2 protein chains.
Amino acid sequence: MASLLPPAERAAIFADLPGWHDCEGRDAIAKSFVFADFAQAFAFMTRVALAAERMNHHPEWRNTYNRVEITLATHDAGGVTAFDLRLARDIEAAAGGA
Amino acid sequence: MASLLPPAERAAIFADLPGWHDCEGRDAIAKSFVFADFAQAFAFMTRVALAAERMNHHPEWRNTYNRVEITLATHDAGGVTAFDLRLARDIEAAAGGA
C-alpha cells in the first residue's frame, strides 16, 4: 500500500504543479482546467484516462462543457500519496499547460 | 431556444427511461451508472461524449472509478427540454442497459 506523502514532498507538489491546491475537509489535491470547448475538454480527459489506466490510479473528476475539475487522493491510504503526485504530473502533461 | 418540457412529456421521461430521476433543488434530471471497472466506465463516457457533441448538447457529469453520475438540463432554457430527453435516450443506448 502507498504511504501518505511526508510534509516536504507534499509541499513540493504545489511548487512543481501550479494551480493544484489542497481540498477543504479531506486529504486530497485538486485543480480546475478550462478549455476552449467540450471537444477540447474531452480530448484532455481521454489523455488523462489513458494515463490513469496505465498506472491503475484514477482521478475523481467532473466535467461541465469546457471545464474539468479533478480531485486526486489514494483511497486505500486515506490521503495523498506518490501515486497522486505522479498522476498530477501526467495530468499537467495532458493539459499542455492549460 | 428550446422550451421547457410540458408536464405530460416530463412524466414520460421517467416511464421511458428507468433510473432517471428529478434533481433536488433544480430543474434537471439525473442518473448514476455503475460499470465493471474504469475502462468500461470511460468507454461509456466516450460514447456519450460523441453523442453529446453530435447534438451540441452536453451533460454535466462526474466519474469516480467505475461510477458515472450524469445530470442533464438545458442551460439557456433554465430547465429540462426535449434536448435533455433526446440525450438521455442516447445515454441509455450508450450504456446498453447498464
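Two strands count as paired if DSSP finds at least two bridges between them, and the strands themselves are DSSP runs of E, at least two residues long, just as helices are runs of H or I of at least four, all numbered from the N terminus. Keep in mind that this is a predicted model, where local features need pLDDT of at least 70 and side-chain atom pairs count only at pLDDT 80 or more, while totals for chains, interfaces and linings use all residues. Residues are numbered from 1 along each chain as its sequence is written, chains are lettered from A and ligands numbered from 1 in the order in which they are written, and side-chain values use heavy atoms, with hydrogens and water left out.

**Stop 1: the strands that meet**

β3(A) and β3(B) run antiparallel here, joined by five bridges. Click on A:Arg62, and you'll find B:Arg62 as its bridge partner.

**Stop 2: the whole interface**

Now show both sides of the contact (heavy atoms within 4.5 Å): 15 residues from chain A and 15 residues from chain B. The two chains bury about 1400 Å² between them, 65% of it on carbon and sulfur atoms; that is accessible area (1.4 Å probe) lost on putting the two parts together, summed over both. On the chain A side, colour A:Phe38, A:Phe42 and A:Trp61, which lose the most area to chain B and together make up 37% of what that side buries.

Next, highlight α2 (38-55) and β3 (60-64) of chain A, the elements that each give two or more residues to this side. The largest share, seven residues, comes from α2(A).

**Stop 3: A:Asn63**

Back in β3 of chain A, pick A:Asn63.

**Stop 4: the hairpin**

A:Glu60 stands opposite A:Thr71. Two residues separate the strands of this hairpin, and A:Tyr65 in the turn has a positive phi of about 50°.
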